[in-house]
Amino acid sequence: MRIPDALADNPRRDPTWTSWLEVLPHRVTELLGEWELTADDAPPAHGFCSLVLPVHTAEGRPAALKVAFPHTDGAHEHLALRHWAGDGAAELLRADPHRAALLLERLDTTDLTSVWDLEACEVVGALYPRLHIPAPPQLRRLPDLITAATDSLRNTVSPLPRRLVEQAIGLGTELAADPASAGTLIHTDLHYANVLAAQREPWLVIDPKPLSGDPHYELAPMLWNRWEETAGQVRAALRRRFDTLVEVGGLDPERARAWVVVRMVHLAAAPDTATDWSTICVAVIKAVQR
């Protein structure tokens, strides 16, 4: 099996990544045999840190074998998919979390980037209520992560204006203490490329980075992705996306605004944040504020 160049050239390139790449062909061969799968002739697809191989099961069902680089954010992907049980998301057929391997329902390669952005927001907004079910107890809790990030923000020099940092500290502290900020299964990386066309439904979700959290935390990735399409009308374009997601998803706009501010400030404070990314973070915050 040939590893796609784009996956092999991932900028991570540390010893752990290199070791994973070296064992990946053997791991795929191992899983094909153990799970009685037959690889299709089509070349494998890939994400930023995973390989997805089109296969058929022993019963002849089309499926997709996903083998991922082990990372904390994706460690509980199988739990989220199992709890959704195919309702709004790709069906999980089999999982081996120790090898970061999943056997999934085969979906099309077309994603929501092919759809007008507001129509795509309507699709995602309609998926929110289906995905936001009680969280399994094994998931990491959003308030714990926000508390740690807020504490770090107090002691970090952020590239953002101080007033935005102070606003995020205040909102983050308040939201982390709110019982409603945990208990719901949330995807956390739900954007256009993570919603694929399917046979049994028009669109299904893939690739969760699940947390036990608050549904209002979900919106930010839909705002910063497809950024080039907002050129010349950033505030208006992002505000239309935000309003569409909130309305269709049945969400509280004020709580959604608060989470967008917190999330974008925390992202901008990450180490080695590029200047252009900080600019995007500020633009997203300004767009959702009144």
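Reply: Let's start with P253, which belongs to helix α9, residues 253–268. Helices here are DSSP runs of H or I with at least four residues, strands are runs of E with at least two, and both are numbered from the N terminus. This is a predicted model, in which local features need pLDDT of at least 70 and side-chain atom pairs count only at pLDDT 80 or more, while totals for chains, interfaces and linings use all residues. Residues are numbered from 1 along each chain as its sequence is written, and side-chain values use heavy atoms, leaving out hydrogens and water.

P253 has a relative accessible area of 30%, so it is partly exposed; buried means under 20%, exposed over 50%, and partly exposed in between, with a 1.4 Å probe and protein chains only. Leaving aside neighbours within four places in sequence, P253 is in contact (heavy atoms within 4.5 Å) with F242 and V246. A287 lies 34 residues from P253 in sequence, and their C-alpha atoms are 13 Å apart.

F242 and V246 also turn up beside L219: not counting residues up to four places away in sequence, L219 touches both of them, along with others including Y128, L251 and V260. L219 is one of three residues, with L112 and V265, that touch the most other members of the largest nonpolar core, which has 54 residues. Such a core is a set of buried Ala, Val, Leu, Ile, Met, Phe, Trp, Tyr and Cys residues joined through side-chain atoms within 4.5 Å. Apart from that core lies another, of 21 residues, with V28, L31, C49 and V67 among them.

β4 runs antiparallel to β3 (residues 50–56), joined by 7 bridges; two strands pair if DSSP finds at least two bridges between them. Within this pairing, V52 stands opposite K66. The β3–β4 hairpin has 5 residues between its strands, and there G60 takes a positive phi near 90°. β4 is also joined to β6, residues 101–105, by 5 bridges, again antiparallel, with L103 as the bridge partner of L65.

Last, a look at H78 in helix α3, residues 77–84. H78 counts as buried because its relative accessibility is 10%. Not counting residues up to four places away in sequence, it touches L92, A95, P97 and L102. The side chain of H78 also reaches the backbone oxygen of A75 at 3.4 Å.

Definitions and conventions:
A polar contact is a pair of N or O atoms within 3.5 Å; within protein, one must be able to donate a hydrogen and the other to accept it, and residues adjacent in sequence count only if both atoms are side-chain atoms.
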